[in-house]
Amino acid sequence: MRSIWNGSISFGLVTIPVKTYSATDRTSSVSFVRIHEKDGAQIQYRKICELDGEEVPNEEVGKGYQAPGDDTIVPITDDDLSRLPMPTAKTLSILSFTDPDEIDPLQMDKAYYLGPNGAAATKPYALLREALEDHRKVAIGKVAMRGRESLAMLRAHDGALVMHTLLWPDQIRPVTGVAPDDVELRENELTLAETLMDSLGELDPAELHDDYREAVEELVAAKLEGEPVAPAASGTSGAQVIDLTAALEKSVRAARGGGEADAEAESASVTPIRGRKTAARKSGTAAKKSTGKKTGPTAAKKAPAKKTAAAPKAAGGRTKSTSTARKTASAGTPQKSTASKGTESKTTSKSVASKSATKKATAKRAAANQPAAKKGGKRSSA
């Protein structure tokens, strides 16, 4: 790792020589160059003087200061800057120590690793690092780098000292007009939001990567090989009105292992209309009740079946004709009202008693006439 700045840390009367290394690498991010769409050639940016319109070489480019609201530009040289009374030009002067929560993340600008510069700086470097870790504090100071002075924060991280350049307080814009006012939140919504936060679990930095950069690299590779470019996945367009509570509940279930499939299946479920279901149940109950009654044509059809099964016991033709006539009459008789049910039951019991007496008499006659019938049958066949 190449050092980009050499200086020292001023810690009271202790001076710690350090080397500065860039802690971040932005070269891996996606960057595009400007090209001429007609022929694909890259476009160059040239430094042109506004007075004579000629290109200016890099060795003739200098610095100048233009006050806000003024068109006058004052030339500033490196010698002018070197004579300025800037004690932080090569030294990070620690002003105080504070809690890390006191630093607004909006102020953090760039991050640098600081390493000891030489064997003599090793012990004081380790002393400051251990003091910051044990006391759980960060150091606030000033440092001048690359022609400007900035606030800086020192903290211990992974066995090393890290310096964060900070923006000045007047460089942070106010939040006026950004946040909404008078928003009512229900208690269950806040509880579900906190439950979702707890259900998501911890973050694994190894799983974080730049999906956009990978997609661009695949696109470039496909173009170089002449392969067709895969169409982008269609996203949901437009604003959607959602039930916040329902969305939070489904999110909690998905975070706990239910998955998106359960949430989608539940969102796609159809709620039946209760009025129709109640009417169907009533009609079904009425049908069951009407079917369960033994009156009407259905009962009449069931009665002949039973009587037909008992018919072979009686050998007389008179009895068969009488029972058949009664069956036909009962089948053709319409359903009587509820008020006449008692009379019908009495009549039915009397008819049953008369039937049994008739059957006994018929059976005796049939037994007496049976030999004669057999002889008559033989004569007729002869």
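In which sense do strand 1 and strand 2 pair, and over how many bridges? In this predicted model, strand 1 (residues 5–11) is joined to strand 2 (residues 14–22) by 7 bridges in the antiparallel sense. F11 has V14 of strand 2 as its bridge partner. The hairpin of these strands leaves 2 residues between them, and G12 adopts a positive phi near 65° there.

Strand 1 also pairs with strand 5 (residues 91–98); these two strands run parallel and share 3 bridges. Within strand 5, L92 stands opposite I9. Strand 5 is in turn joined to strand 7 (residues 138–145) by 5 bridges, with the two strands running antiparallel. Here K142 in strand 7 is the bridge partner of S93.

Strand 2 pairs in the antiparallel sense with strand 6 (residues 108–116), over 5 bridges. G115 in strand 6 stands opposite K19. In strand 9, V162 is the residue opposite Y113.

Taken as a whole, the arrangement is a barrel closed by 7 strands, which follow one another in the order 1-2-6-9-8-7-5. From one strand to the next, the twist averages 40°. The pairing in the barrel is mixed: strand 1 and strand 5 run parallel, whereas strand 1 and strand 2 pair in the antiparallel sense.

Methods:
Residues are numbered from 1 along each chain as its sequence is written. This is a predicted model: local features need pLDDT of at least 70, side-chain atom pairs count only at pLDDT 80 or more; totals for chains, interfaces and linings use all residues. Side-chain values use heavy atoms; hydrogens and water are left out. Two strands pair if DSSP finds at least two bridges between them. Helices (H or I, at least four residues) and strands (E, at least two) are DSSP runs, numbered from the N terminus. Axes are lines fitted to C-alpha atoms, for helices over the stretch in contact, and angles run from 0 to 180 degrees between N-to-C directions.
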